[in-house]
Amino acid sequence: MTAPILEVRSVVRTYPSRGSSGWRKQYANAVDGVDLDVNEGETLAIVGESGSGKSTLAKLMLRLEQPSQGSVLYRGVSLDKLDRKQWRTYRRDIQAVFQDPSSSLNPRMRVEQSLGYVARRHGLAEPARLRAFLAGHLAAVGLDPPEQYLTRYPHQLSGGQQQRIAIARAIMLEPRLIVADEPLSSLDISIQAQILDLMRELSRRMNVGFVLISHDLNAVQSIAGRTAVMQHGRIVEIGRDIFDAPAHPYTRLLLEARLSANPREARTRQGKPLRTQARDELSAGSANMLAASHGESAEATVTGKT
Amino acid sequence: MNAMLDDAGITDRGDCDPLLDVRDLKVHLHVGDAIVRAVDGVDLSVRRGESIGIVGESGSGKSTLARAILKLLPNVEFAELQGEVRFRGADLTRISDGALRELRRRNGFSMVFQDPLGYLNPTKRVGKQVAEALGGKHDGVVSSRVQQLLAEAGLSDPAELARRFPHELSGGMRQRVMIAIALASEPALLFADEPTTALDATVQLQVLETLGRLHRDRNMAMVIITHDLGVVAELCDRVYVMRAGKVVENGDTIDVFENPRHPYAAQLIELSTRHRRGSTPAETKAALSTEALSSGVAR
Amino acid sequence: MSGERALDQQSFDPRWLAGPWRGFRAAVGNMLGTRHGAAGCAILLLLVVVALFAPLIAPYDPLQQAQASLSPPSWQNLFGTDNTGRDIFSLIVYGTRTSLAIGLGAAFGALIVGGMVGMLAGYFRGAIETLLMRLAELFQTLPVIVVVLFTVALFGSSFWLLLTAVILAIWPVEARLVYGQYIRLRGMDFVAAAKIADLSTAHIMLREILPNAIQPVVVQVALDASVAILIEAGLGFLGLSDPNMVSWGQLLYVAQDYMTLAWWTSFFPGAAICLAVVGLNLFADGLNEIIDPRMRGRAGGLQS
């Protein structure tokens with residue numbers, strides 16, 4: 001299958017925001033004209049800094065938000081024009097994993113309930129076999145013994161276990177695509193590695209695709225096929241080799257900003273001129289003047305976290 | 001002012017080495033009926049002008065350790081502290097509140113936290129907050145000193161910035177304001193608890209570079225608490241790796257990175273460097289299939 | 001794949017119920033562990049027992065006028081008698097039924113009305129939100145007494161009218177509280193996850209969000225009950241309560257003329273009202289204490 005499973009077509013998503021004056025209502029484009037195809041089975045990463053619009057883009061793909069302009073298409077049909085049956089397959093085919101696993105599981109429900117509701121909604125198993133079905137999927141994400149986890153509440157689990165359960169909830173529906181919004185950033189590094197391994201394994205075994213939203217270029221590089229770089233609500237660069245041959249200056253800046261994890265290299269650099277210019281002033285919408293003095297346009301900057 | 005320090009047993013006039021010496025520090029937290037050994041017998045020392053990193057995953061006790069040293073532990077009645085923390089020769093665990101305040105005010109230690117918004121007063125202009133840290137009124141001398149500090153913390157156009165409120169600044173600028181406030185007391189030792197974790201990558205690098213410059217130019221000792229070995233590689237002369245309340249490995253940063261002795265340290269380093277080596281997809285299952293690594297403290 | 005039955009209509013695995021019930025028992029245990037909660041529980045239990053077993057407890061028929069009028073407290077008439085020779089102790093015992101019925105009835109009525117309004121407004125936002133919350137504000141600013149006076153003048157007084165009046169007076173508080181909870185919770189990731197799993201809106205509102213929203217609401221219900229009892233007493237004092245029923249407020253109304261002559265006619269009904277209000281407030285305090293996360297560590301952990 002080469003046809004894209006999701007197509008994002010000239011999507012703009014606008015939020016009202018208070019301007020610096022505080023009175024006049026202003027509008028900021030969190031997503032500002034994005035075109036993107038997500039192919040079946042591919043792992044597509046979207047990287048960018050806070051305020052780049054990457055999380056909003058994920059919400060648009062998941063239909064948790066609606067575009068102000070443009071449309072998102074599922075297998076060629078716009079999301080707002082899906083008929084009942086198509087909507088149902090859309091809701092099965094596209095699943096999500098969130099950043100903070102402790103809030104993505106209902107704190108008042110046992111794992112069994114959180115997953116059980118979803119399984120029953122989609123008629124995944126006979127009521128009598130539900131428990132075994134759920135246990136099977138917990139085992140598939142590396143929770144062993146699975147029965148032990150079924151009766152737990154989220155707060156009785158570690159962050160990594162919670163994230164595995166969130167992944168189990170997603171793959172239970174045998175989706176074609178999982179939109180993962182910063183699935184690693186609230187986890188410890190050793191757990192991050194495990195979750196990345198799990199994603200790779202799922203991608204290989206079930207040919208499930210991923211849209212991986214992340215600010216962590218290192219994690220992205222190890223898993224992604226294509227990578228899209230977002231800045232100010234736009235995709236500035238997309239491709240398979242942005243790590244080796246970045247074309248856009250912002251991509252180069254992001255790559256350059258990675259910490260090396262090589263103390264020798266860091267020491268030889270010490271005392272030498274700064275690698276980067278004072279760019280954090282640039283990203284502050286309030287500092288237009290400073291930005292102008294650095295020869296960078298400051299219009300349409302969206303500050304703060306989305 | 002020195003009388004206060006003399007009372008506290010601080011006798012050095014700038015030559016005491018090590019600057020900070022922690023011996024067998026234990027912090028036991030009472031959580032319900034259980035006792036959590038958050039810090040379980042840690043030895044640590046910081047020489048003058050040295051920068052060390054304390055690295056560990058969540059639950060390793062690194063933040064509790066820092067807070068215990070700084071005497072910032074909340075809910076003191078639930079925490080039990082044992083051991084010795086000598087700063088410039090004086091035992092901080094026994095020091096009077098007045099002497100502690102004096103140490104925070106002048107040539108002692110300062111701190112920078114992960115979330116500057118939590119520590120900056122939202123209703124006061126940035127310049128005023130720095131001036132308050134200087135202990136003076138907002139007169140001409142102070143205000144030029146304020147601008148000097150803001151500039152030293154890497155903020156361009158400090159005169160303009162001093163008039164702004166914290167919420168008008170970006171995350172990186174706020175963290176720089178925190179650094180300026182911390183510098184006001186001319187500290188011999190700067191504690192930074194996850195100073196760049198909340199920042200974007202490009203901003204993170206600049207703030208780290210600023211910290212590195214201050215460390216060198218002022219010969220200021222630093223303790224960086226972080227979960228990110230990249231930050232350690234960037235900034236720290238020596239590193240302590242913590243796990244479950246204990247230091248499992250410590251030494252010169254390059255030595256530890258290149259020849260880690262403890263398997264846990266080795267694993268952390270392997271994990272944080274492997275994605276950075278370029279396009280090795282690294283199908284390493286790496287004995288990580290269980291969550292044994294994720295701190296022994298079950299929640 | 002088997003069928004497409006909506007989950008909401010299906011029965012639940014009984015094992016799932018073990019959680020809430022065990023939680024409830026733990027909560028009661030914790031309540032009794034707090035000083036306020038224990039005192040509140042004791043007072044409420046006393047009032048409930050009195051209301052349930054009123055005929056066994058009251059020595060006289062409350063409406064029987066066989067005694068000497070305005071006789072002071074004695075062994076024969078513990079709280080004395082009123083101007084028509086009725087036994088005040090018996091009247092108060094029977095009045096407990098009315099006050100508790102009004103208090104609890106109005107609190108739960110307000111919970112249902114306010115809860116629904118708050119849920120709908122908080123979850124759907126937009127036009128529904130504006131409409132419902134403006135309505136709540138309107139009712140909050142409406143002077144209850146005036147409205148009740150007006151309706152009593154038109155329709156005469158009855159228990160149900162009073163109950164409705166009290167509910168109308170207090171539902172906006174519940175609505176605002178539930179509304180705030182739904183606003184907060186609707187943005188959480190687990191709600192997004194439920195939407196992505198295509199669970200029904202009813203399921204999301206009732207099964208996903210409600211259990212997370214309920215705790216502060218429970219405290220408010222206890223407080224509302226005390227407010228309702230006070231409002232009922234106030235209405236009774238103004239002579240607006242149903243003349244065919246015995247209530248504490250009505251006793252005060254009758255006692256107005258004899259306050260200086262016979263202190264017992266007003267003191268004991270007043271004390272009963274105080275006891276009920278204090279009891280409900282202590283109960284609410286106890287609930288608050290076991291729910292407040294800052295207290296959890298000490299209470300031994302309703303939830304770790």
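Where in chain C is the place of C:Thr34? C:Thr34 sits in the loop between α1 (14–33) and α2 (35–52) of chain C. This is a predicted model, in which local features need pLDDT of at least 70, side-chain atom pairs count only at pLDDT 80 or more, and totals for chains, interfaces and linings use all residues. Residues are numbered from 1 along each chain as its sequence is written, while chains are lettered from A and ligands numbered from 1 in the order in which they are written. Helices (H or I, at least four residues) and strands (E, at least two) are DSSP runs, numbered from the N terminus.

- C:Thr34 is buried because 21 other C-beta atoms lie within 10 Å.
- A residue is called buried if 20 or more other C-beta atoms lie within 10 Å of its own, exposed if 12 or fewer, and partly exposed in between, with C-beta atoms placed from the backbone.
- Apart from neighbours within four places in sequence, C:Thr34 is in contact with C:Gly286, C:Glu289 and C:Ile290; contact means that the C-beta atoms of two residues, placed from the backbone, lie within 7 Å.
- From C:Thr34 to C:Tyr253 there are 219 residues in sequence and 37 Å in space, C-alpha to C-alpha.

**Chains A and B overall**

- Chain A contains 13 helices and 10 strands, and 51% of its 306 residues are buried.
- Chain B contains 11 helices and 10 strands, and 49% of its 299 residues are buried.
- Of the contacts in chain A between residues at least 6 apart in sequence, 66% join residues at least 24 apart.
- In chain B, residues 24 or more positions apart make up 67% of the contacts with a separation of 6 or more.

**Confidence in chain A**

- The mean pLDDT (the predictor's confidence in each residue, from 0 to 100) of chain A is 83, and 84% of the residues score at least 70.
- Among the elements of chain A, strand β7 (residues 177–181) has the highest mean pLDDT (95) and helix α13 (residues 288–293) the lowest (34).
- Over residues 276–306 of chain A, pLDDT stays under 50.
- Where pLDDT is low, the predicted coordinates should not be read in detail.

**The six-stranded sheet of chain A**

- Six strands make an open sheet of mixed pairing, in the order β6-β7-β8-β3-β9-β10 (chain A); two strands pair if DSSP finds at least two bridges between them.
- Its edge strands, β6 (94–97) and β10 (234–239) of chain A, each pair on one side only.
- Strand β9 (residues 226–231) of chain A pairs with β10(A) in the antiparallel sense over five bridges, and A:Thr227 has A:Gly239 as its bridge partner.
- β9(A) and β10(A) form a hairpin with two residues between them, and A:His232 in the turn has a positive phi of about 50 degrees.
- Five of the six residues of β9(A) are buried, so this strand is largely enclosed by the rest of the structure.

**Helix α5 of chain A**

- A:Leu134, A:His137 and A:Leu138 are buried in helix α5 (residues 130–140) of chain A.
- These residues lie on the same side of α5(A) because they cover an arc of only 105 degrees around the axis, taken from the directions from the helix axis to the C-beta atoms.
- The elements covering the buried residues of α5(A) include α4 (111–121), α6 (146–150) and α7 (159–171) of chain A.
- A:Gly142, with a positive phi near 85 degrees, follows α5(A).
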